[in-house]
Amino acid sequence: MVYDSRQIFNQITDHISRCPIFRRISQFCKQLFEDAPKTTAPTQAQTEPTTPEQSSGALSLELVPRDAHTVSRKQISENALKVLYRLNKSGFKAYLVGGGVRDLLLGIEPKDFDVVTSATPEEIKKLFRNCRVVGRRFRLAHIVFGRDVIEVATFRGHHGENNEKVSKANAEGRLLRDNVYGEIDEDAERRDFTVNALYYDISDYSIRSYGGGMSDLKAGTLRLIGDPETRYREDPVRMLRAVRFATKLNMTIEPITAAPIKQLAPLLKDIPAARMYEEILKLFFAGKALANFELMQEYKLFEPLFPQVAALLKDDPKGAPMKMLQAIMKSTDQRVNEDKPVTPSFFYAAILWYPLRQRAEDIALESGLTLYDAFFAAMGDVMEQQCQTISIPRRFSTPAKDIWQLQLRFDRSQGTRAFKLMEHPKFRAAYDLLLLRGEVEAGNLAKSAAWWQQFVEADETERLAIARGGSKSPSRNRNATQRRRRPPRAPNADGSAPTSAPKVKAAE
């Protein structure tokens with residue numbers, strides 16, 4: 001048998017390259033000799049941005065040494081440091097990335113810490129027993145420390161192969177699958193905004209800033225990486241993120257970044273409703289609800305999410321629906337800033353109140369039902385239509401319907417019935433919505449809201465007096481029809497009392 005030496009050599013090297021131990025050793029050696037921490041003072045090249053020609057990617061790279069930034073390990077969670085150190089000691093590159101680094105530089109306490117690494121999800125899982133791999137569109141590793149979860153992602157790369165198991169996009173350009181891995185420079189190009197393309201290197205505590213991220217952070221400019229239209233088509237939720245980051249970080253959206261948003265806003269209709277529910281929580285339950293709503297209106301991003309409400313706003317831009325939306329947003333912001341609880345049940349019940357009333361009026365007109373019965377028929381229709389764009393969990397949609405039902409009982413329950421209505425589990429939320437409606441609509445509704453406010457804020461003794469005095473159900477004797485009293489009958493000829501019924505004269 002004749003052996004081809006070149007073929008044998010290729011087989012041996014192929015087996016060695018697949019060996020995880022050899023791969024870790026090679027990565028460790030490469031990091032040891034190429035990426036070792038610098039013990040000398042940083043040079044001018046390290047502190048100045050490099051041009052795109054100097055960087056292996058298309059973005060400019062700025063290396064910021066430890067003594068030139070304010071991020072400290074004391075500010076990073078202990079669990080995030082554990083993940084970073086273990087990945088680094090195992091021969092992988094590991095960085096704190098994105099919002100955690102950005103917020104630390106701005107002096108804001110990050111809500112979470114994300115890690116990016118050269119290790120694949122499978123390699124991460126081998127290093128951490130408390131790891132679970134999640135995600136379909138882009139696979140991620142979640143390292144679980146009790147209630148604290150550190151999200152670890154592999155460097156993302158560019159889409160170069162037509163393998164639907166790895167990467168896939170729809171006709172509009174939205175990425176359906178994105179499991180393409182690459183190097184850190186490619187990963188930076190795949191980030192959304194320059195202020196999120198900031199990498200804290202655990203090996204030497206420096207920060208790698210791509211695309212002028214540090215400069216944009218200081219200037220308060222929100223700039224998208226790459227061609228805006230292409231990036232928005234890849235993931236339309238980036239348009240909502242642009243709004244949210246602009247209000248949260250008090251930044252201005254760069255004109256080129258903002259230009260395509262109005263035209264591409266309808267693409268949000270194609271986003272899965274479950275994902276959109278999470279985005280709504282971030283937009284309206286973080287203390288910036290009113291600012292986000294106004295910016296969404298400016299860029300036409302509100303209509304794809306709340307089409308029923310948007311239809312009413314189009315008919316009457318300054319009417320009751322708009323006033324209600326503004327009141328809801330102000331109230332939510334106030335409660336968040338005062339550390340009071342906020343619930344999606346009340347938010348959706350309030351924001352959909354006028355679409356519900358409109359739908360109830362339409363049903364009553366079409367079917368001949370009373371408006372009261374039509375309201376109950378309309379509740380399911382309105383909630384079902386809303387769930388097509390934003391998936392509202394049943395634990396919130398059911399209480400929202402209870403809040404709607406109670407609105408119909410407030411006028412009917414003034415007086416002694418008010419005590420029983422107050423015992424309802426959702427009374428407080430329904431009462432808050434009544435106050436908002438009274439503020440928006442005024443008139444008789446405002447009087448009803450004022451009565452209930454007086455009743456709720458009074459003590460037990462005062463409530464009883466208010467209930468008795470404010471009862472809308474007068475006593476039955478007042479409204480009863482007065483009977484005509486018949487005159488007394490004369491006694492019979494024999495002196496006996498008259499019979500109750502007159503005698504009928506016999507027919508002749």
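Modeller: Let's start with pLDDT, which is the predictor's confidence in each residue, from 0 to 100. This is a predicted model: local features need a pLDDT of at least 70, side-chain atom pairs count only at 80 or more, and totals for chains, interfaces and linings use all residues. Residues are numbered from 1 along each chain as its sequence is written, and side-chain values use heavy atoms, with hydrogens and water left out.

Colleague: What is the mean pLDDT of the chain, and what share of its residues reach 70 or more?

Modeller: The mean is 82, and 77% of the residues get to 70 or more. But pLDDT stays under 50 over residues 30–57, where the model has 40 contacts beyond four places in sequence. Residues 163–170 are also below 50, with 19 contacts beyond near neighbours in sequence. A contact means heavy atoms within 4.5 Å.

Colleague: How many helices and strands does the chain have?

Modeller: There are 25 helices and 12 strands. Both are DSSP runs numbered from the N terminus: helices are H or I, at least four residues, and strands are E, at least two.

Colleague: Why is Q407 called buried?

Modeller: Buried means under 20% relative accessible area, exposed means over 50%, and partly exposed is in between (1.4 Å probe, protein chains only). Q407 has 5% relative accessibility, so it counts as buried. You'll find Q407 in helix α20, residues 394–409. Leaving out residues up to four places away in sequence, Q407 touches W353, A430, L433, L434 and R437. For the chain of 508 residues, the buried share is 45%.

Colleague: What makes M214 count as buried?

Modeller: With 9% relative accessibility, M214 is on the buried side of the cut-off, so that's its label. M214 sits in helix α8, residues 213–219. Beyond residues up to four places away, M214 touches E62, V64, L105, L198 and S209.

Colleague: Is Y205 buried or partly exposed?

Modeller: Y205 comes out at 24% relative accessibility, and therefore counts as partly exposed. Y205 is in the loop between β9 and β10. Its phi is positive, about 65°, although Y205 is not a glycine.

Colleague: And what makes N250 exposed?

Modeller: N250 has a relative accessible area of 69%, which means it gets the label exposed. N250 is in the loop between α10 (237–248) and β12 (252–253). N250 isn't a glycine either, yet has a positive phi of about 55°.

Colleague: How do you know which strands pair with β10?

Modeller: Two strands pair if DSSP finds at least two bridges between them. Strand β1 (residues 61–64) has 4 bridges to β10, in the antiparallel sense. Strand β9 (residues 198–201) joins β10 by 3 bridges, also antiparallel. I207 in β10 is the bridge partner of V64, and I207 is the bridge partner of Y200 too.

Colleague: What makes both faces of β10 covered?

Modeller: In a regular strand the side chains alternate between the two faces of the sheet. In β10 (residues 207–210), I207 and S209 on one side and R208 and Y210 on the other are all buried.

Colleague: Which strands are the edge strands?

Modeller: The open sheet has 8 strands in the order β1-β10-β9-β2-β3-β6-β5-β4, with mixed pairing. Its edge strands are β1 and β4 (131–134), each pairing on one side only. From one strand to the next, the twist averages 30°. At the β4 end, 4 bridges join β4 to strand β5 (residues 140–145), running antiparallel.

Colleague: Last one: why are α13 and α17 called roughly perpendicular?

Modeller: Axes are lines fitted to C-alpha atoms, for helices over the stretch in contact, and angles run from 0 to 180 degrees between N-to-C directions. Under 35 degrees counts as roughly parallel, over 145 as roughly antiparallel, 65 to 115 as roughly perpendicular and the rest as oblique. Helix α13 (residues 273–284) and helix α17 (residues 344–351) pack at about 90°, with axes 12 Å apart. The pair is therefore roughly perpendicular. Y277, I280, L281 and F284 of α13 make the contact with P344, F347 and Y348 of α17.
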